[in-house]
Amino acid sequence: MISKFKEIYEVELLDRLIRIKSIIGRGDDYKKIAGVIEEELRKLGLKVNVFDGSVEAKDGIPRPCIVGVLDSGSEKTFGVLTHYDVVDIGGAWRYEPFELTVVEEGGEIRLYGRGAADDKGCIVASIGAIKEMIEKDLEPKWNVALIITPDEEIGGEFGAGYIARNRLVDLDALLVADSSSKSLVVGASGIVHGDIVVKGIQGHAGYIFGTENAVHKAITLLNEMLNFTTIRSQKLSRVKTSECPIPRLWGRFSITKVNTPNQAYNIVPDEVVIGFDMRLIPEENVEDALVELKAFFEMVKYRTGIYDAHLRILRAFPGWMTAEEHPFVRRSHEILEEVTNKSLPITGMLGGNDGGWFKDFKIPIISFGVWDEKSRIHGVDESVSLARIFDLKKFIIKLALSEVEF
Ligand SMILES: [Zn+2]
């Protein structure tokens with residue numbers, strides 16, 4: 001690393017975090033990185049609690065969830081939610097993925113490494129914000145709770161979900177610091193993942209009589225299921241999209257995986273498992289969406305006469321949205337304009353994020369982060385601009401210092 005940048009707290013901390021390979025599901029590395037973060041927060045004098053989502057997951061993988069609170073004696077608390085898990089590398093990297101590389105290019109300082117933009121850059125921006133408020137003796141109008149969790153990349157059920165379900169933090173507003181720096185996000189899609197399982201009768205592919213080919217049956221069934229894509233698209237949210245041919249968030253349904261148990265070509269398969277991904281608009285109730293899916297599926301079975309098929313729902317979680325007119329959104333939008341000198345669009349995310357777990361808190365939720373068009377999140381040579389980390393840090397400080405009535 002270019003040594004002059006090592007002096008910058010956020011850069012130095014980001015380097016330490018990126019060096020820990022906290023790839024999805026690696027419990028030992030989860031523990032390691034959580035230990036580093038916990039220590040930083042304790043050094044700053046925050047009230048820190050570490051809760052372990054494995055209590056509910058019961059699979060032996062540690063999932064430390066850190067809640068560090070800057071108590072300013074206020075009645076209201078705003079949360080900043082980030083995640084420390086990252087997706088695996090893959091592909092050929094120009095820069096070492098598990099250490100920070102600082103490059104001055106195109107008039108900006110870019111920091112390369114897995115997790116630099118998603119989401120470790122946001123972790124250091126939020127800790128940096130707290131550090132600056134303490135060092136400069138600023139007087140926040142809110143208590144600020146940093147919530148730093150694992151498992152976001154696989155839905156967050158035992159990370160942010162664990163914290164929210166068990167009300168392990170008190171919140172009056174939430175910033176999910178895990179999105180792009182190009183817009184202020186006021187909504188995200190809900191997600192359902194599941195399988196369609198079609199059964200048949202196994203046998204030799206040369207001696208087909210008496211067999212029932214599960215894949216052949218599935219082709220007919222799936223052809224009908226494709227119509228569900230059109231039906232889902234009729235669900236339209238009030239939340240706008242950005243850089244997308246459809247102007248508002250809409251419902252989606254995609255078939256994403258196909259598997260048979262077969263190892264060889266000459267076996268008529270007795271089972272095929274088809275994975276799907278369904279996206280809900282933020283306004284949708286998950287239970288209703290599941291009933292609609294089941295009703296459609298049962299009618300496809302009836303229409304095709306293929307009855308030995310069933311649905312398996314693996315995970316389902318809601319989206320979230322906050323009205324554009326909400327005072328917390330208005331104030332956040334003004335502050336972002338002060339910080340970035342731009343009036344950013346107010347949009348919804350096509351993806352989901354951990355904000356959905358806090359839906360029942362009935363608090364305003366917004367999302368803003370550090371990615372830009374060069375960041376290649378989840379890709380090779382992931383990077384973040386140092387300027388975007390500083391923007392997020394300033395945004396958090398200014399938000400903490402402003403009184404918002406609602
Ligand atoms: Zn993320």
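A residue counts as exposed when its relative accessible area is over 50%, and as buried when that area is under 20%. With these cut-offs, K362 is exposed because its relative accessible area is 72%. The structure described here is a predicted model.

**Two domains**

The protein is divided into domain 1, covering 3–188 + 320–401, and domain 2, covering 190–317. Between the C-alpha centres of domain 1 and domain 2 the separation is 34 Å. Their contact takes 17 residues from domain 1 and 17 residues from domain 2. Together, domain 1 and domain 2 bury about 1,300 Å² between them, and 59% of this area is on carbon and sulfur atoms.

In soluble globular proteins, nonpolar side chains tend to be buried together. In this model the largest nonpolar core has 91 residues, and the residues with the most contacts inside it are I37, F78, L175, F358 and L392. At least three residues of this core come from each of domain 1 and domain 2. Apart from it lies another core, of 25 residues, including I196, I274, F276 and M278.

Leaving aside neighbours within four places in sequence, F358 is in contact with L81, A160, I163, A164, V169, L171, L174 and I365.

I147 lies in strand 6, which spans residues 143–149. I147 has a relative accessible area of 0%, so it is buried. With neighbours within four places in sequence left aside, the contacts of I147 are I66, V67, G79, V80, L81, T82, I163, V169, L171 and L174. I123 is 24 residues from I147 along the chain, and the C-alpha atoms of the two are separated by 9.4 Å.

**Backbone features**

Most residues other than glycine have a negative phi, and most peptide bonds are trans. The peptide bond from D118 to D119 is cis, with omega near 15 degrees. D119 is placed in the loop between strand 5 (108–112) and helix 5 (120–135).

Two residues other than glycine, N341 and K362, have a positive phi. The table gives their values.

| Residue | Phi | Relative accessible area |
|---|---|---|
| N341 | near 60 degrees | 70% |
| K362 | near 50 degrees | 72% |

Where is N341 found? N341 is in the loop between helix 10 (327–340) and strand 18 (346–349). At 70% relative accessibility, N341 counts as exposed. K362 has its place in the loop between strand 18 and strand 19 (365–367).

Key
Residues numbered from 1 in each chain as written. Predicted model: local features only at pLDDT ≥ 70, side-chain atom pairs only at ≥ 80, totals over all residues. Heavy atoms only, no water. Core = buried A, V, L, I, M, F, W, Y, C linked by side-chain atoms within 4.5 Å. Buried < 20%, exposed > 50% of the residue type's maximum accessible area, 1.4 Å probe, protein only. Domains from an automatic or database assignment. Contact = heavy atoms within 4.5 Å. Buried area = accessible area lost by both parts, 1.4 Å probe. Helix = DSSP H or I, 4+ residues; strand = E, 2+ residues; numbered from the N terminus.
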